[in-house]
Amino acid sequence: MAVKNLAETEFVTVSPENDGPTGELPSEAGVYAVYDKAGDLQLIGLSRNIAATVMAHRKSVPELCGSVKVGVVDEPGREALTQAWKSWMEEYIKVSGKVPLGNESGNVTWTRPQPKKKPDLRLTPGRHVQLTVPLEELVDKLVKENKVVAFIKGSRSAPLCGFSQKVIGILEKEGVDYESVNVLDEDYNYGLRETLKQYSNWPTFPQIFLNGELVGGCDILTSMFEKGEVAGLFKY
């Protein structure tokens with residue numbers, strides 16, 4: 001289903017309350033429009049995680065973030081996201097005769113460098129290197145030496161399933177310092193999926209560990225997020 005027209009989309013006030021689990025900003029992919037406190041449109045953007053992106057904008061340029069309009073894209077491929085962005089841009093330009101200030105060529109207000117994401121951890125030197133200890137021991141050592149570990153399908157920068165994407169979105173939004181391991185990496189994590197299922201006695205992925213103990217998967221983390229429990233448990 002296509003996103004609503006920009007004019008038909010409701011405003012969401014950008015305030016500290018939106019930064020918590022009861023906020024109205026979705027963590028899904030889509031298009032967003034940022035308005036300043038005077039109600040002037042400043043930027044139309046697209047994001048894989050609308051809430052995280054808008055909160056980053058609010059933190060970096062709070063004076064320009066009074067409210068937003070958001071449109072979630074149900075099938076968030078690059079083409080669909082770009083089309084949603086173009087439709088809002090064209091609608092605004094048709095009405096105003098100009099592009100939003102933040103979308104003007106050369107405007108760097110909204111494109112400040114973001115900190116680099118941590119690389120995903122690798123459990124072995126490579127598939128063809130003979131391990132001197134069982135893979136299960138490497139898993140045990142990893143989860144006990146790191147406060148939060150997320151075993152996901154894909155990388156933290158490019159999750160390969162919706163559940164992994166949601167878990168990463170929650171951890172990122174809550175500002176959790178975590179390590180990630182790609183269970184689909186057959187070169188450096190060969191055999192990890194089956195080993196981890198036996199180690200944790202949990203059949204599906206993603207799997208999130210806290211202080212060496214399995215917390216659960218996407219459903220459990222989402223429930224904790226909705227109750228406001230993630231930051232308190234995972235960050236302190």
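This is a chat about a predicted model of a protein.

Visitor: What does the protein contain in helices and strands?
Guide: The protein has seven helices and eight strands. Its C-alpha atoms fill a box of roughly 65 × 35 × 30 Å along the principal axes.

Visitor: How many residues, and what share of them is buried?
Guide: There are 236 residues in the protein, and 43% of them count as buried.

Visitor: And the accessible surface, what does that come to?
Guide: About 13,200 Å², with 51% of that area belonging to carbon and sulfur atoms.

Visitor: What share of the contacts comes from residues 24 or more positions apart?
Guide: Taking contacts in the protein with a separation of 6 or more, residues 24 or more positions apart account for 65%.

Visitor: Before going on, what is the mean pLDDT?
Guide: The mean pLDDT of the protein is 88, and 92% of the residues reach 70 or more.

Visitor: Which elements have the lowest and the highest mean pLDDT?
Guide: Helix α7, residues 230-234, has the lowest mean pLDDT among the elements, at 82. Strand β6 has the highest, at 97.

Visitor: Where does pLDDT stay under 50?
Guide: Over residues 17-22. The model has 17 contacts beyond four places in sequence for that stretch. Where pLDDT is low, the predicted coordinates should not be read in detail.

Visitor: Charges next. How many positive and negative side chains are there?
Guide: The protein has 27 positive and 32 negative side chains. The centres of the two sets lie 3 Å apart.

Visitor: How many salt bridges does a search of the whole structure find?
Guide: Six. Side chains of opposite charge can pair when their charged atoms come close. One of the salt bridges joins Asp177 and Lys118, with N to O at 2.5 Å.

Visitor: Where do Asp177 and Lys118 sit in the chain?
Guide: Asp177 is in the loop between α4 (162-173) and β6 (179-182). Lys118 is in the loop between α2 (78-96) and α3 (135-145). The two residues are 59 residues apart, and the pair links distant parts of the chain.

Visitor: Is each of those two exposed, or partly exposed?
Guide: Asp177 is exposed, at 55% relative accessible area. Lys118 is partly exposed, at 31%.

Visitor: Which salt bridge does Lys144 make?
Guide: The side chain of Lys144 meets that of Asp140, at 3.1 Å from N to O. Both are in helix α3, and because they are four residues apart there, about one helical turn separates them. Lys144 counts as exposed at 58% relative accessibility, while Asp140 is partly exposed at 24%.

Visitor: What about Lys141? Which residue is its partner?
Guide: Glu145, in a salt bridge of 3.1 Å, N to O. Lys141 and Glu145 are four residues apart in helix α3, so about one helical turn lies between them. Lys141 is partly exposed at 47% relative accessibility, and Glu145 is exposed at 54%.

Visitor: Change of topic: where is Glu10?
Guide: Glu10 lies in the segment before β1 (12-13). Glu10 is exposed, with a relative accessible area of 65%.

Visitor: What does Glu10 touch?
Guide: Leaving out residues up to four places away in sequence, Glu10 touches Val68 and Lys69. Glu10 and Ser67 are 57 residues apart in sequence, with their C-alpha atoms 9.9 Å apart in space.

Visitor: Backbone now. Which peptide bond is cis?
Guide: The one from Phe205 to Pro206, with omega near 10°. Pro206 is in the loop between α5 (192-200) and β7 (207-210).

Visitor: What is phi of Asn201, and where does that residue lie?
Guide: Asn201 is not a glycine, yet its phi is positive, at about 55°. Asn201 lies in the loop between α5 and β7. At 68% relative accessibility, Asn201 counts as exposed.

Visitor: And Asn211, what is its phi?
Guide: Phi of Asn211 is near 50°, again a positive value in a residue other than glycine. Asn211 is in the loop between β7 and β8 (213-216).

Note on methods
Residues are numbered from 1 along each chain as its sequence is written. This is a predicted model: local features need pLDDT of at least 70, side-chain atom pairs count only at pLDDT 80 or more; totals for chains, interfaces and linings use all residues. Side-chain values use heavy atoms; hydrogens and water are left out. Buried means under 20% relative accessible area, exposed over 50%, partly exposed in between (1.4 Å probe, protein chains only). Contact means heavy atoms within 4.5 Å. Accessible areas come from the Shrake-Rupley method with a 1.4 Å probe; for residues, only the protein chains shown count as cover. Lys and Arg count as positive and Asp and Glu as negative; His and the chain ends are not counted. The place of a charge is taken as NZ of Lys, CZ of Arg, CG of Asp or CD of Glu. A salt bridge is a side-chain nitrogen of Lys or Arg within 4 Å of a carboxyl oxygen of Asp or Glu. pLDDT is the predictor's confidence in each residue, from 0 to 100.
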